[in-house]
Every structure is written in structure tokens, then in C-alpha cells.
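Here are a few exercises to work through with the model open in your viewer. Try each task before you read its solution.

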Amino acid sequence: MERETKMMGSRFDYQLAFLLFLFFCVSCIAIYGSQLTSGQYSEGLGFVYRQILFYFVGSGIIAGVMFFDSDQLQRLSWYLYGFGLFLLGLLIIAPSSIAKPVNGAKSWFNPTSSLTFQPSELVKTFVIIAISHVIVKHNAKHTEKTVKTDFILLFKIGLTALVPIAFIMKQPDLGTALVIIAIATGLILVSGISWKIITTIFLSITLVAVTVFYLVLKAPNVLEALGFHQYQFGRITSWLNPEEYSSGEGYHLLNSMKAIGSGQIYGKGFGNSQVYIPENHTDFIFSVIGEQFGFLGTSVVLSLFFLLVYHLIKVAMETTEPFNSYLCAGVISMIVFHVFQNAGMTIGLLPITGIPLPFISYGGSAILGSMLGMGLIFGIRYHHRVYMFSDK
């Protein structure tokens, strides 16, 4: 028993655990600092206590998920994927008594004001598992790659991602849909599909995106004739010219840039936020860090994410199973997109979407979803050690 305990300890990923502990500390400090002077809430340490609870529950999720090896995860992949679609479908038909729309989006089960759950946060990880399983099975079946087999795999990945995206856009939740697209894109890049096909497709998508962007700015009437509505262009126009929309859609962006800019190099000090940003402890927590701790504070946060991604890349390189490598690639794609989009939108580099900063923004669903992804990484490390030192 003692020998088994020692072996389990040697297979535990202490480096990843320490990184998550640092994120936990940063999150609690930032959330508490955001509440001290914002005047938005009278909860005091209430949000910090809840975030601690979310991390505690998330640690339990990691402890449970890490004991599933790759074979077990592959057998469960479609069950998890189906369960995720069931939750998304249930959310659409759920009555407002348990799924009340918030800011025009029906994205949460919220039977009470203090009990909310966003199923799409878990669906992200379920999609990673499902697409990884699709790639492994396809590559095992088609050992000789051709243009036809590559397009078949591309279709399988696209379909697996498109179904949950369709449910999510019914809410609507563009931010989460973009995350799933980023996950699928990252997995396509490492799936073995010919780079000629990938390059052609991505250039085509880029051309379409640039065309739509141009039409939004120069000829919105063309898009309106195709069925789009003027209000749907608001995020792009307010992003490019926030001053013109300072009392509406550009309000958050303007104040976020003011907050981060006013923090300068060293920040204004812990708890000293002078720029008002509604619900700054959630999606705009990066603005709080920038204002209170300045460029140095935001650099520390981004450095932590760099170390996390670097560690995940190491895990992906060291594992001997393709399925595990794909899981790592999916989790990396999810985290990188979250960080780039969240930090980018707070400084005006990207349009604003409702995407939280992983491990730092306040929110139970987001924390639990991120911890579910980390559970996969802990599991890869844990079971990789088993294979290395087994008698087989």
C-alpha cells in the first residue's frame, strides 16, 4: 500500500498543480481588488469565497478525471459529447423559470440568482475529446493518406464541431462558438491533413471574412439584403470607433482602455480602481489587473499563461499515444484563444466577446470547464508514468 502511494505521488504532475495554485492566488487577489473600490456590489469577500469554492470543486473534478486513461476516455467520448448536446438542447427548450435570458442570451441554467450553470463551458472539453477520438480512429483506419481521406477527416471534424456550434448560436453565444472553432482549427492543424488542403481552405475562409468585414463598413445594405440585421454589426463598428458609441456598445471598451492605460508601468495599487467598468470581476478582470498592477502585473499574468502552454506542449511531446497528443492540442487551442481574445478585447485589439480569462475571471462554470480540461492533462501525465514503469 505504501509503495503504491509513493508510485501515485511520483506520477502526479506537481508542476501543473503549482501553476494552477498561482492562478488561484492571482484570481482571488484580482477579484477582491476589483470589489474594493468599484462600488458595484456589497458582497465584500463574497465573490472571493465563491471563487475558492469553485476552485475546490474544480480540484475534485481534476482528481476524478485524471484516473481515466486514454482507452476509457475514447470509449466515453460519444457519451460525453451526447450529454453535452443534451444539455445545450435542454437549455434551448427550458422555461424562463430555470433558464432566464441574461443580456439577451439564454446561455445559463439559473433557477436562483446565486445558482447558475453554463453548460457550454463543459461542452468545450467534450468537443476536444470527441474530435481527438475522431482523428485517432480515422488515422488508424486510413493508414495511406490521400486527398479523399483528408477531406473525409476534415468533414468529420467539421461536423463534430458544427453540431454544438449550431446549438450555441441559438442562445446566442458567439464567443463560445468562436472557442469551439478555435479548438477544431487547432486539432485540424495537427491531425495529419495535407497542408495544401489546410492552406487553401484557410485562405478561402480569410477571404470571406475580409469580404464580410468590408461590407459591414462600406456596404451594410448588401448584408441586410442577405438577411443580416444592422444591430449585428454593432460590435465591429463600436470596436473600430468606440468614441462614437461611448454611451452604448463602446462603453466597456473605452473604459477598459482607460483603466489599463492609467495603470502605466506599476499600477495604481491594490484595490485602487478609479475607472468604472460594470461587472469588472468577470470578463474584464484583465483591465482590473492592468489598472491596479500596471504593465508589470499584466506581464506576470501573461507569463503564467506562457508557462502553462509551454508545460502543456511538453506533455504533448512526451506522451506516446496520439490520442493524448490531440487532447493536449485541443486544450492548448482552447486556452490560447481564450487568453488572446480576452486580453485583446480589453485593449481594443479585438472586438468584445463574452469570453472570460481562464482560471482568473470570476465564474463557476468557466472555472469548472477549465479544470475539466486540466484533468485530462493530469490524467495523461499520470497514466504515461504507469506505462513507462510497468512490466509490460
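From the N terminus on, the elements run α-α-α-α-α-α-α-α-α-α-α-α-α-α. That makes 14 helices and 0 strands in the chain, where helices (H or I, at least four residues) and strands (E, at least two) are DSSP runs, numbered from the N terminus. This is a predicted model, in which local features need pLDDT of at least 70 and side-chain atom pairs count only at pLDDT 80 or more, while totals for chains, interfaces and linings use all residues. Residues are numbered from 1 along each chain as its sequence is written, and side-chain values use heavy atoms, with hydrogens and water left out.

**Exercise 1.** Work out how the radius of gyration of the chain sits against the globule rule.

*Solution.* 
- For 392 residues, a compact globule would come out near 21 Å; the chain has 22 Å, so the two agree.
- As for the box, the C-alpha atoms fill roughly 65 × 55 × 45 Å along the principal axes.

**Exercise 2.** Decide whether glutamine 74 is buried or exposed, and find what it touches.

*Solution.* 
- Start with the place: glutamine 74 sits in helix α4 (residues 70-93).
- Its relative accessibility is 14%, so glutamine 74 counts as buried (buried is under 20% relative accessible area, exposed over 50%, partly exposed in between, with a 1.4 Å probe and protein chains only).
- Now skip neighbours within four places in sequence: glutamine 74 is in contact (heavy atoms within 4.5 Å) with His133, Val136, Lys137 and Phe323.

**Exercise 3.** Find the residues that touch the most other members of the largest nonpolar core.

*Solution.* 
- A nonpolar core is a set of buried Ala, Val, Leu, Ile, Met, Phe, Trp, Tyr and Cys residues joined through side-chain atoms within 4.5 Å.
- The largest one has 84 residues, and Phe305, Leu308, Ile335, Phe359, Ile360, Met374 and Ile377 touch the most other members.
- Helix α12 (residues 285-318) gives the most to this core, with 12 residues.
- Zoom in on leucine 308: leaving out neighbours within four places in sequence, its contacts are Leu16, Leu19, Phe23, Ile335, Phe359 and Met374.

Methods: The radius of gyration is taken over C-alpha atoms; the globule rule is 2.2 Å times the number of residues to the power 0.38.
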